[in-house]
Amino acid sequence: MRADPKGVLTGDHYLDGDQACAEGALAAGCRFFAGYPITPSTEIAERFAERIPEAAGVFVQMEDELASMAAVLGAAWGGKKAMTVTSGPGFSLMMENIGLGVMMEVPCVVANVQRGGPSTGLPTLPGQADMMQARWGSHGDYEIIALSPNSPQECFDLVIEAFNLSEQYRVPVMFMMDECVGHLTEKVSIPRPESIEIVDRKWYRGRKENYLPYAVNGDLVPAMVKAGDGYRFHATGLTHDERGYPSTTWQTQEKCVHRLVNKIRQNAENIIKVEKDNVDDADVLVVSYGISSRVAVPAIQQARQQGIRVGHLRLITVWPFPEKMIRELAGRVKAFVMPEINYGQMVFEVERCAAGKAETYLVPHGGGWVHDPKNILQVIEAAAA
Amino acid sequence: MLTEIRFSGFGGQGIIRCGYIVGKACALFDNKYATMAQSFGPEARGSACSSELVVSDERIFYPYMTRPHILVAMSQDAFDKFIGEVRDGALLLIDEDLVKPGNRIIKLKTFAVPATRIAEEMGNKVIANLIMLGFFTAVTELVSLEAMRQAVPGSVPERFLDLNLKGFERGYEFGGGITGKMAKPEKAMESAVSS
């Protein structure tokens, strides 16, 4: 399916990452946005509010982040592609309803323009410390999809991918930006609508009386209906059977959670995207995501000039984590080096998958700014020694 | 080649807009890479503020300025705040009525323009930033005149577009007058010092 031309601002633009994210959402077909302003994500909301009348959609500024996330879930059941955007403190407030979205299998996108934390932390400055919260911030057992762009262009391209994945797998997709990427202004090329691939919702087309909202055949993702179209359905946060009715037995729980987890795990290879540079001959492999994947490049270039065989693996998809790839690489490289604007989050996943076959080094940063590439270089040198 | 530029002045002068317009001109019309970073501090109308721009012929990975090759200062506060970070041999562009560099410009090539005064003469001091951009275009030769002319529309309020474009052209002429085939930057520096 191709993009609705009404949302697509075809041409070359000079936009910041936040604005590009809003344009990407519009191009993806997002027609409902509910949010509560918070730095450094507010420009996404502003841009969306300004542009959405042209695409005949809805923007609602809600009373808080709990309500924002609830409104997004409702809009998605109403048949719309929907999103909300926030930063750390708001992300925490959304967690309860993100879990509800996971349980009810609601396609939607939540962008988190990460700032320094904990708590209100550094409102105007970067962090990458919500990565684990994106994974398991809501209670209970589930799998999630999270993507991490590193430029305004990618904010545009990848948020379309986020909507597509959310529709394909009926899961809230976390769009993990950071303040740097959100506030950098660069060229953003927006293609023509006919060259933007859009995944439409998997709609139920059968007879109304036969509709079972959580029945699946084959691919673990149930077909959806639009609330108000005359189908009888029940969506709940309680453990439910195929009818959507609460059924709080261990047998139903097993079936329910099994599917929530496995619809993502079994498709991990199709979902995961990475960018590789000089991986094949690498002794040391820098693994990075978001703004850190750009800041690491001068360090990698310098190290290669010094004769160190260092490669770069950039995680575009952060969840599901590319376990298989890291396991394989751990048998070939001497060490992994991971710069993150936190004191160790994704690096523990790398370490887990390396399973002692390769050393794992964290280059930590408490937040508020990006790494000095020199610090990354020092760790590369130590890892290569 | 990679060039780092800081535009600085006080809040309300359109300093962020300067970085945006040059970045847009380079990235969209001059076929270069240009990354602008906004600073989000406690800056407000009247206090020192700045925008950072990195321009390169190749893809820009590290997106931030480290030590500028070009400093544009449109207020004394901004000049005092940012002069310490520039590279040796950097270009310094100042509004000559608002910035007195004193004797700290030995290793810099300084170009001065009375941007705010010209803007007032043209009827509205809000175009001082576009006069500075015209001047910047002429003396730095970092960005083409044509690209800048294309980048201004859509980047300033529609009702002030003509005035902004006129201001830009005046600044460009003023800059051409200084650097014209006869004069070298060092010459311009001396004139700034003596003024």
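## Close-ups of a predicted two-chain model

**View 1. A pairing between D281(A) and R304(A).** At a relative accessible area of 32%, D281(A) falls into the partly exposed class. (Buried means under 20% relative accessible area, exposed means over 50%, and partly exposed is what lies in between, using a 1.4 Å probe and protein chains only.) R304(A) is partly exposed too, at 28%. The side chains of R304(A) and D281(A) form a salt bridge, at 3.3 Å from N to O. R304(A) sits in helix α10 (residues 292-305) of chain A and D281(A) in the loop between β10 (274-277) and β11 (284-288), so this pair ties together parts that are 23 residues apart in sequence. (Salt bridge here: a side-chain nitrogen of Lys or Arg within 4 Å of a carboxyl oxygen of Asp or Glu. Helices, H or I with at least four residues, and strands, E with at least two, are DSSP runs numbered from the N terminus.)

A quick note on all the views: this is a predicted model, where local features need pLDDT of at least 70 and side-chain atom pairs count only at pLDDT 80 or more, while totals for chains, interfaces and linings use all residues. Residues are numbered from 1 along each chain as its sequence is written, chains are lettered from A and ligands numbered from 1 in the order in which they are written, and side-chain values use heavy atoms, with hydrogens and water left out.

**View 2. R259(A) and E105(A), a salt bridge between buried residues.** The side chains of R259(A) and E105(A) meet at 2.5 Å, N to O, in a salt bridge. R259(A) belongs to helix α8 (residues 250-265) of chain A and E105(A) to the loop between α4 (88-104) and β5 (108-116), so the pair ties together parts that are 154 residues apart in sequence. R259(A) and E105(A) are both buried.

View 3. K6(A) and D4(A) join through their side chains in a salt bridge of 3.9 Å, N to O. K6(A) is partly exposed, with a relative accessible area of 47%, and D4(A) is partly exposed at 29%. For a charged network, look at E23(A), R47(A), R51(A) and E54(A), which salt bridges link together. Over all chains, the structure holds 34 salt bridges. Side chains of opposite charge can pair when their charged atoms come close.

**View 4. S41(A), tucked into a loop.** You'll find S41(A) in the loop between β2 (30-35) and α2 (42-51) of chain A. S41(A) is buried, with a relative accessible area of 1%. Leaving out residues up to four places away in sequence, S41(A) touches D18(A), V85(A), T86(A), S87(A) and V113(A). (Contact means heavy atoms within 4.5 Å.) D4(A), seen in the previous view, is 37 residues from S41(A) in sequence and 25 Å from it in space, C-alpha to C-alpha.

**View 5. The contact of chain B with chain A.** Chain B has 7 helices and 6 strands, and 52% of its 195 residues are buried. The contact takes 18 residues from chain B and 24 residues from chain A. Between the chains, about 1,700 Å² is buried, 60% of it given by carbon and sulfur atoms. There are 0 salt bridges between the chains, but 6 residue pairs in polar contact, both residues at pLDDT 80 or more. On the chain B side, α1 (15-29) and β2 (33-38) each supply at least two residues.

Key:
Buried area = accessible area lost by both parts, 1.4 Å probe. Polar contact = N/O pair within 3.5 Å; in protein donor to acceptor, adjacent residues only side chain to side chain.
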